[in-house]
Amino acid sequence: MLTSFGRLIAIGFGTGLSPVAPGTAGSLAAVAIYFLAASLAADLAGYVLAALIAVGLPLGIWATGLLVSEVDPDPGRAVWDEFVGMWVTCLLLPPTALWLGAAFICFRFFDVVKPWPARRLEGLHGGLGIMADDVAAGIYGAVLLNLAHFIRVTWISG
């Protein structure tokens, strides 16, 4: 039963079964979950996001690892990594539709392109490799968008 629950998490509660672009479907679900959570508890949005990442990362290493096989070391249906990477991209950003839309586009770009060292991290064993490259893509997105947010706030306020 625990293994079945882990597999359900790994496939992003079904989004990984999308016949078209499962990673994009997982990323959209992740941003929707965060937007909903931030809308319900606006004052706690940053804490909710930190909790999602803190729980989601180790859970994802375990869960996505359940789908790994010698034939398929990074199964396309494993999309929990997109969830966590998407949430990392959203760190410190205002949880508005505009910024979350930008986060979605930015994360998907970095997840597809996989600039160094993300592509190397993908080669780590099992669930760790599945999760690590998306966390790296999320960090790239978070840095870029927070820099853009800082510049925007500085120019408007300054």
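**The salt bridges: five of them are found in this structure.** A salt bridge here is a side-chain nitrogen of Lys or Arg within 4 Å of a carboxyl oxygen of Asp or Glu. In general, side chains of opposite charge can pair when their charged atoms come close. Keep in mind that this is a predicted model, where local features need pLDDT of at least 70 and side-chain atom pairs count only at pLDDT 80 or more, while totals for chains, interfaces and linings use all residues. Residues are numbered from 1 along each chain as its sequence is written, and side-chain values use heavy atoms, with hydrogens and water left out.

**The network around K114: E82, R108, D111, K114 and D133 are linked by salt bridges.** Start with K114 and D111, whose side chains meet in a salt bridge at 3.0 Å, N to O. K114 also pairs with D133, and there the closest N and O atoms are 2.6 Å apart. Helices are DSSP runs of H or I with at least four residues, strands are runs of E with at least two, and both are numbered from the N terminus. Are K114 and D133 buried or exposed? Both are buried, a label that means under 20% relative accessible area, with exposed meaning over 50% and partly exposed in between (1.4 Å probe, protein chains only). K114 has a relative accessible area of 12%, and D111 counts as buried too, at 5%.

**A backbone close-up: K114 has a positive phi, near 50°, though it is a residue other than glycine.** As a rule, most residues other than glycine have a negative phi, and most peptide bonds are trans. Look along the loop between α5 and α6, where K114 is found, and you also come to P117. The peptide bond from W116 to P117 is cis, with omega near 0°. F13 is another non-glycine residue with a positive phi, of about 55°. You'll find F13 in the loop between α1 (2–10) and α2 (22–40), where it counts as partly exposed at 47% relative accessibility.

**The R119 pair: R119 and E122 form a salt bridge, with the closest N and O atoms 3.8 Å apart.** Here R119 is partly exposed, at 45% relative accessibility. E122 is partly exposed as well, with a relative accessible area of 27%.

**The loop at H125: this residue is in the stretch between α6 (118–121) and α7 (126–157).** H125 is exposed, with a relative accessible area of 73%.

**Helix α3 beside helix α4: residues 45–65 pack against residues 80–89 at an angle of about 155°.** Two packed helices are described by the angle between their axes and the distance between the axes. For this pair, the axes are 9 Å apart. Axes are lines fitted to C-alpha atoms, for helices over the stretch in contact, and angles run from 0 to 180 degrees between N-to-C directions. The two helices are therefore roughly antiparallel; angles over 145 degrees get that name, while under 35 is roughly parallel, 65 to 115 roughly perpendicular and the rest oblique. On the α3 side, L49, L52, I53, G56, L57, G60 and T64 meet W80, V84, W87 and V88 of α4, where contact means heavy atoms within 4.5 Å. By class, this contact has eight nonpolar, three polar and no charged residues. Ala, Val, Leu, Ile, Met, Phe, Trp, Tyr, Cys and Pro count as nonpolar, Asp, Glu, Lys and Arg as charged, and the others, Gly among them, as polar. How many residues of α4 are buried? The count is 10 of its 10 residues, including W80, E82 and W87.

**Helix α1 against helix α3: these two pack at an angle of about 105°, with axes 8 Å apart.** That makes α1 roughly perpendicular to α3. From α1, L2, G6, I9 and A10 make the contact, and from α3, L59, W62, A63 and T64. Sorted by class, these residues are six nonpolar, two polar and no charged.
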